[in-house]
Amino acid sequence: MNLIEKENLIRQKAEEFENASPETVISWAIETFPNITFACSFGAEDVVLVDMIQKISPSTDIFYLDTDFHFKETYETRDRLAEHYNLKFVEVKSKITPEEQAAEYGAELWKSDPGGCCNLRKVEPLTRILSQYEAWITGIRRDQAPTRANAKKVEYDTKFGLVKFNPIASWTSEDVWDYIRNNNIIYNPLHDRNFPSIGCEHCTKAVMPGEDPRAGRWAGNEKTECGLHK
């Protein structure tokens, strides 16, 4: 289908899917766009989607951005999920190593220029991997941040030039944890230590009671997104 036909279909399905289950959205996404991938960060939302996708279409590609700066618990969660579902996550890395980054941009770039660090270790690798697909699935939810409040279940991602599916956009955090508990899903143990949102080790801290759930990301900066979702 051409771009106009695709955009019309997306608008139609965005309305139709508003009250649909995540499984319905995922099933249609994979059937309609077989050249599709899922971006997994190994956080609570994404382990839910790993489970759903494995039940619906276990051959669907699932990739993760290995920034080289993840918590050891995140890598351990990756390994546990891979073993449990007998799947191989596609690893996507920056074109430069942490050592090369330090030599070219200075030590601890995440402190002096967190946006620049995210561009090198997340945005560029994501742009590269998404160029191979016609659609992608994400675990973003509307109530995670103001920047995500208007996310639709299906939309056209103008930043990366492909169709984007957000199957659990309307879910609350409690919906996510109900699914995890009810289905006995493997999850990152950092969530049990006051880390509702988990990114790179250098830029993520525990969140205290009463704080915004994303207050632990880039604390002390105005930055609230790594650049992957607008």
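Helix H3, at 13 residues, reaches 19 Å from its first C-alpha to its last, close to the 18 Å expected at 1.5 Å a residue (the expected span being 1.5 Å times one less than the number of residues). The model is predicted: local features need pLDDT of at least 70 and side-chain atom pairs count only at pLDDT 80 or more, while totals for chains, interfaces and linings use all residues. Residues are numbered from 1 along each chain as its sequence is written, and side-chain values use heavy atoms, with hydrogens and water left out. Helices (H or I, at least four residues) and strands (E, at least two) are DSSP runs numbered from the N terminus.

Of the 13 residues of H3, 11 are buried, so the helix is largely enclosed by the rest of the structure. Buried means under 20% relative accessible area, exposed over 50%, and partly exposed in between (1.4 Å probe, protein chains only). Among the buried residues of H3 are Ala44, Val47, Leu49 and Ile53. The buried residues of H3 pack against helices H2 (22-32), H4 (72-85) and H8, and against strands S1, S2 (61-66) and S4 (135-137), where contact means heavy atoms within 4.5 Å.

Phe42 lies in the loop between strand S1 (36-39) and helix H3 (44-56). Its phi is near 70 degrees, a positive value in a residue other than glycine. Phe42 is buried, at 3% relative accessibility. Asn194, in the segment after helix H8 (173-183), also is not a glycine and has a positive phi of about 70 degrees. Asn194 is partly exposed, with a relative accessible area of 43%.
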